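Subject: Handover of a structure, with findings

Dear colleague,

Please find below the structure that I am handing over to you. I would be grateful if you could look through it before reading the notes that come after it.

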Amino acid sequence: MSQKKKPIFVTRSSMPPFEEYVETIRPLWDSCWLTNMGTYHEELAKKLADYLGVPFVSLFVNGHMALELCIQAFGLTGEVITTPFTFVSTTHAIIRNGLTPVFADIKEEDFTMDPEKIEGLITDKTTAILPVHVYGNMCDTEAIEEIAKKYGLKVIYDAAHAFGVTKKGRGAGDFGHASMFSFHATKVFHTIEGGAIGTKDKNLVHALWKLKDFGIRDEEVVDGIGANGKMNEFQAAMGLCNLNHVHEEIEKRKNIVLHYRERLKGRKGLFLKEEQQNVCSNYGYFPVIFNPELFGEDRDSVFLRLKSHGIHARKYFYPLTNAMECFQGRFDVQKTPIAKKIGDRVLTLPLFSQLPLEEADRICDILLENG
């Protein structure tokens with residue numbers, strides 16, 4: 001009897017050598033300094049600033065809190081132009097700040113916000129643009145920031161998918177007024193949970209410091225309203241360990257992506273995202289877009305067929321955030337037709353550094369078996 005194969009999930013957390021992490025956290029038992037911006041917290045912030053190519057990095061307990069408090073720190077009001085082709089955190093962070101998201105459509109070739117759709121959405125209530133780098137693809141930063149400068153708007157990038165990505169030699173965090181990075185366990189680089197804001201604005205860093213620590217200025221003075229968004233020392237220690245191996249992590253992912261491309265290229269009805277010119281990707285995701293008329297099968301059917309074999313791909317991003325039940329009746333998904341089209345057709349295949357190439361082959365075999 002053949003042995004049943006273990007399920008393959010869309011991602012799997014990368015881990016540093018066990019002994020390396022144990023040795024890193026051992027001093028915490030002596031210091032008992034486990035949170036409140038300790039030694040590892042400060043060391044990681046400095047090393048990440050260097051790695052990401054940005055002057056300042058502020059660390060957080062997770063990426064969502066980083067984005068939500070960054071929006072608050074800028075004191076934004078009214079409307080924020082953003083994209084519905086993103087994880088729901090992006091939209092929630094805007095709404096939880098009492099702001100109104102206004103959704104711009106995306107470009108079909110790279111799934112990022114279409115700059116040509118922005119100006120028509122700007123009103124006297126618009127105070128910021130919040131674009132999203134997607135699957136390691138960078139937004140058209142030049143066009144977006146030119147529009148923002150013309151209208152006096154802030155630009156905050158959701159760079160949750162862009163850790164380690166560079167554009168013309170510049171790190172993703174070096175664009176706009178600020179960029180949010182997610183260090184969730186499923187990301188290319190993680191701190192178990194965690195996140196950060198990268199910025200050139202020193203005043204923003206000071207504001208974020210207070211916002212993530214209850215508005216405390218010193219041990220006797222609380223002169224602002226804040227939250228508890230601090231990254232703890234165990235998270236920071238994991239980040240320091242993983243940062244030692246992130247280059248190797250990205251290279252392993254790249255090899256799998258290249259293998260997927262070789263197996264799936266030329267298949268009628270499949271669109272594979274091309275690498276952008278002048279952008280070095282982090283190979284964090286491998287999206288496939290299905291044209292059901294040409295492929296002979298729709299995305300949902302392929303998703304279920306893979307699942308029946310224990311292969312758990314993901315419809316990422318589906319549904320669009322402007323179509324989610326919590327916003328029912330509030331937004332019109334038909335106003336972002338390209339995003340809707342991609343959302344209805346996209347499937348991200350399993351991709352993580354430990355995925356054997358023979359398993360990637362098996363995934364491709366099952367995906368292609370209808371033809």
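**Basis of the values**

This is a predicted model, in which local features need pLDDT of at least 70 and side-chain atom pairs count only at pLDDT 80 or more, while totals for chains, interfaces and linings use all residues. Residues are numbered from 1 along each chain as its sequence is written, and side-chain values use heavy atoms, with hydrogens and water left out.

**The chain as a whole**

The protein chain contains twelve helices and 17 strands; helices (H or I, at least four residues) and strands (E, at least two) are DSSP runs, numbered from the N terminus. Along its principal axes, the C-alpha trace spans about 70 × 55 × 40 Å. A compact globule of 371 residues would have a radius of gyration near 21 Å, and the 21 Å of this chain agrees with that. The radius is taken over C-alpha atoms, and the globule rule is 2.2 Å times the number of residues to the power 0.38.

Of the 371 residues, 54% count as buried. Here buried means under 20% relative accessible area, exposed means over 50%, and partly exposed lies in between (1.4 Å probe, protein chains only). The chain exposes about 17100 Å², of which carbon and sulfur atoms supply 52%; these areas come from the Shrake-Rupley method with a 1.4 Å probe, and for residues only the protein chains shown count as cover.

Among the contacts with a separation of 6 or more, 72% are accounted for by residues 24 or more positions apart, contact meaning heavy atoms within 4.5 Å. The mean positions of the 44 positive and 49 negative charges are 3 Å apart. Lys and Arg count as positive and Asp and Glu as negative, with His and the chain ends not counted; the place of a charge is NZ of Lys, CZ of Arg, CG of Asp or CD of Glu.

**The nonpolar cores**

In soluble globular proteins, nonpolar side chains tend to be buried together. A nonpolar core is a set of buried Ala, Val, Leu, Ile, Met, Phe, Trp, Tyr and Cys residues joined through side-chain atoms within 4.5 Å. The largest one in this chain has 76 residues, and those with the most contacts inside it are Leu48, Leu264 and Leu349. Not counting residues up to four places away in sequence, Leu48 touches Val57, Leu59, Phe163, Phe183, Phe189 and Leu243. A second, separate core of 23 residues includes Phe60, Leu76, Leu99 and Ala178.

**Backbone features**

Two cis peptide bonds may be noted. One runs from Tyr316 to Phe317, with omega near 25°, and Phe317 is placed in the loop between strand S16 (311-312) and helix H11 (337-345). Another runs from Tyr318 to Pro319, with omega near -5°; Pro319 is also in the loop between S16 and H11.

Cys32 has a positive phi of about 55° although it is not a glycine. Cys32 is in the loop between helix H1 (18-31) and helix H2 (39-52) and is exposed, at 59% relative accessible area. Ile192, likewise not a glycine, has a positive phi of about 75°. Ile192 lies in the loop between strand S9 (178-182) and strand S10 (195-199) and counts as partly exposed at 38%.

**Selected residues**

Pro84 is found in the loop between strand S3 (79-82) and helix H4 (88-95) and is buried, with 0% relative accessibility. Beyond its neighbours within four places in sequence, Pro84 has contacts that include Phe103, Leu320 and Ala339.

Ala236, in helix H7 (residues 233-243), is buried at 0% relative accessibility. Leaving aside neighbours within four places in sequence, Ala236 is in contact with Tyr40, His41, Leu44 and Met231.

Ile366 belongs to helix H12 (residues 357-368) and is buried, with a relative accessible area of 6%. Ile366 and Ile311 are 55 residues apart in sequence and 9.5 Å apart in space, C-alpha to C-alpha. Glu293, by contrast, lies in helix H9 (residues 292-295) and is exposed at 62% relative accessibility.

Yours sincerely
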